[in-house]
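Morning, everyone. I'd like to walk you through a few side-chain pairings.

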Amino acid sequence: MTFSAIIPARFGSSRFPGKPLALLCGTPVIWHVYQQVSKAIDDVYVATDDERIFNIVTEFGGKVVMTSANHRSGTDRIIEAVEKLDCQSDVIINVQGDEPFIAPSQIETLKSIFVGNPSTEIATLGKRFDTIEAAENPNSPKIAVAKDGRALYFSRSVIPYIRGEERHNWLSHYPFLKHIGIYAYRRDVLLRIKHLDASPLEIAESLEQLRWLENEMIIRVGLTDTETIGIDTPDDLARAEEYLVKIQNSR
């Protein structure tokens with residue numbers, strides 16, 4: 001089974017314009033993401049809509065492809081990149097361009113979900129919440145998972161509701177899962193997604209993976225204990241810099 005990784009990286013973020021080029025300990029965020037992904041995947045591309053990002057990736061020796069600036073999501077950008085590159089890998093892995101601490105072990109977990117499991121169409125990751133307060137954050141989507149690892153639902157609300165228990169005790173009654181926004185798709189499934197319209201649940205929750213569930217695609221969830229630090233704002237970048245400095249000083 002063959003794997004490729006594509007890192008969507010657009011310049012025009014509403015909360016943090018140009019964040020792929022923001023410096024994290026002296027090097028661009030997109031460089032950190034590319035280096036981490038390359039530890040687990042040989043074939044890695046950045047898919048961008050901006051010449052500045054294109055040029056930076058080229059300068060550090062990465063592979064990059066230009067895509068449209070009009071995509072609704074990173075998945076749509078990846079679909080264009082796969083078609084432009086004529087990528088024939090069995091599975092395409094989508095790592096967001098603002099995840100400089102994505103761990104190679106997390107990518108390996110995604111890969112393992114497909115091996116010997118032909119029914120898996122899409123894979124993603126979940127991590128147990130440490131506090132109920134973190135689970136209540138609507139910016140951290142939650143996953144309800146079946147016994148066989150299939151995703152049943154994604155929500156910004158806390159799911160499931162624990163009846164008859166005080167909210168502060170909920171974590172002791174159910175392993176609430178935070179969704180880690182990295183995906184892997186079989187190539188043919190990814191190309192099917194291209195033709196799917198936005199679905200009612202997707203629109204309601206603003207979560208594109210609900211479109212796939214509503215179209216009966218099988219998403220399986222791997223578990224990770226590793227926390228990632230995504231960068232959505234300048235404040236996130238400052239926290240990421242503190243975290244990276246701490247890691248470097250502990251070596």
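**Salt bridges and one threonine**

Start at R150: its relative accessibility is 32%, so R150 counts as partly exposed. On that scale, buried means under 20% relative accessible area, exposed means over 50%, and partly exposed is in between, using a 1.4 Å probe and protein chains only.

A word on the source. This is a predicted model, where local features need pLDDT of at least 70, side-chain atom pairs count only at pLDDT 80 or more, and totals for chains, interfaces and linings use all residues. Residues are numbered from 1 along each chain as its sequence is written, and side-chain values use heavy atoms, with hydrogens and water left out.

Back to R150. Its side chain meets that of D148 in a salt bridge, 2.9 Å from N to O. By salt bridge I mean a side-chain nitrogen of Lys or Arg within 4 Å of a carboxyl oxygen of Asp or Glu. D148 is partly exposed too, at 42%.

How many salt bridges does the structure hold? The count is 16.

Next pair: E136 and R167. Their side chains form a salt bridge at 2.6 Å, N to O. E136 sits in the loop between α5 (132–135) and β8 (142–145), and R167 in the loop between β9 (151–155) and β10 (177–186), so the bridge ties together parts 31 residues apart in sequence. Helices (H or I, at least four residues) and strands (E, at least two) are DSSP runs, numbered from the N terminus. E136 is partly exposed at 35%. R167 is partly exposed at 36%.

Now K19 and D232. This salt bridge spans 3.4 Å, N to O. It links distant parts of the chain, 213 residues apart. K19 is in the loop between β1 (3–9) and β2 (23–24), while D232 is in the loop between β11 (219–223) and α9 (234–250). Is K19 buried or exposed? Buried, because its relative accessibility is 13%. D232, at 28%, is partly exposed.

Last stop, T67. Find it in the loop between β5 (64–66) and α3 (74–85). T67 has 7% relative accessibility, so it counts as buried. What does its side chain pair with? The side chain of R77, in a polar contact at 2.9 Å. A polar contact is a pair of N or O atoms within 3.5 Å; within protein, one must be able to donate a hydrogen and the other to accept it, and residues adjacent in sequence count only if both atoms are side-chain atoms. Leaving out residues up to four places away in sequence, T67 touches A47, T48, D49, R77, E80 and A81. Contact there means heavy atoms within 4.5 Å.
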